Amino acid sequence: MRIVSFFAISTVVVVQLLACRPALSQARTYLGEIRPVGQGTVATFVTVDPGGNPVTLGVTFTPGLFIGLPPIMSEAPLAFPAQAQGLPFTHFVLNWNPQGHFPVEFYGAPHFDFHFYLITPEVRSGITATGEDAARVAKVPPPQYVPQGYVYAPGGEEPRMGAHWIVPSFPEFHGTPFTESFIFGTYNGRLAYLEPMMTVAWLHTRSFVDKAIPQPPAYEVAGYYPTRYRISYDPARTLYTVALTGFTYRRAQ
């Protein structure tokens with residue numbers, strides 16, 4: 001998961017992304033930052049209900065994303081729309097792993113990591129996972145803040161990310177090739193990001209996923225948190241969506 005270069009970025013706006021529609025009746029969808037990646041375009045969005053409460057937070061991208069990607073690990077950060085500022089999520093980063101990443105016996109296939117960060121871009125940029133910072137990366141949150149079923153993944157400490165947590169019962173750890181999965185990360189003893197990840201080969205199947213996100217017994221910071229994630233493809237708009245859904249307000253405990 002180490003980052004050695006950035007995607008080339010420009011200010012091209014793709015018309016398809018402007019066709020985002022509300023997920024629910026009377027809800028409104030707002031686009032955030034739009035950037036070209038490969039020969040495609042990626043955009044963040046948030047859908048809110050009439051009361052301004054979050055319904056969906058996610059990203060859309062066009063199939064051109066799979067074309068012209070660099071042969072090295074790369075990242076593309078994007079800002080969420082202003083209407084998402086009330087959420088605990090601060091920014092999004094798309095990571096491209098052409099040779100997979102550690103542990104390669106499970107995650108060695110070419111794939112994308114979709115990082116929904118709760119730490120600020122400044123904190124993320126300062127994560128080196130070396131020297132004194134190694135202790136901050138390895139610091140484990142109190143157990144009440146760890147989603148059910150997840151365990152710390154030794155060796156998964158990464159610069160500009162933090163520590164990674166996995167579920168040992170995931171199919172990829174029991175002989176089934178990795179296709180898509182959902183992990184989360186911590187930094188300095190706090191939740192740092194939620195991370196759906198999926199292989200290029202699986203995305204080409206245009207499969208649909210709507211799964212529950214394991215929840216921690218408590219949250220340290222009050223706010224709306226997702227209870228599900230969804231991966232879909234819309235053939236009419238030739239557009240993929242990776243989104244967090246089912247937002248529920250949780251009090252700080």
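Author: The answers below concern a predicted model.

Reader: Which strands stand at the edges of the open sheet of six strands?

Author: The strand order is E2-E3-E4-E15-E14-E12, with antiparallel pairing. From one strand to the next, the twist averages 15°. Two strands have a single partner each, so one side of each lacks a neighbour in the sheet; these are E2 (28-37) and E12 (209-212).

Reader: Which residue in E14 stands opposite Lys211?

Author: Strand E12 runs antiparallel to strand E14 (residues 228-234), and four bridges join them. Within E14, the residue opposite Lys211 is Tyr229.

Reader: Is Pro235 buried or exposed?

Author: Pro235 lies in the loop between E14 and strand E15 (239-245). Its C-alpha is 9.2 Å from that of Arg206, although the two are 29 residues apart in sequence. A residue counts as exposed over 50% relative accessible area. Because the relative accessibility of Pro235 is 59%, Pro235 is exposed.

Reader: What does Phe89 touch, not counting residues up to four places away in sequence?

Author: In soluble globular proteins, nonpolar side chains tend to be buried together. With those sequence neighbours left out, Phe89 touches Leu57, Phe80, Ala84, Phe116, Tyr117, Leu118, Leu194, Pro226, Leu244 and Phe247.

Definitions and conventions
Residues are numbered from 1 along each chain as its sequence is written. This is a predicted model: local features need pLDDT of at least 70, side-chain atom pairs count only at pLDDT 80 or more; totals for chains, interfaces and linings use all residues. Side-chain values use heavy atoms; hydrogens and water are left out. Two strands pair if DSSP finds at least two bridges between them. Axes are lines fitted to C-alpha atoms, for helices over the stretch in contact, and angles run from 0 to 180 degrees between N-to-C directions. Buried means under 20% relative accessible area, exposed over 50%, partly exposed in between (1.4 Å probe, protein chains only). Contact means heavy atoms within 4.5 Å.
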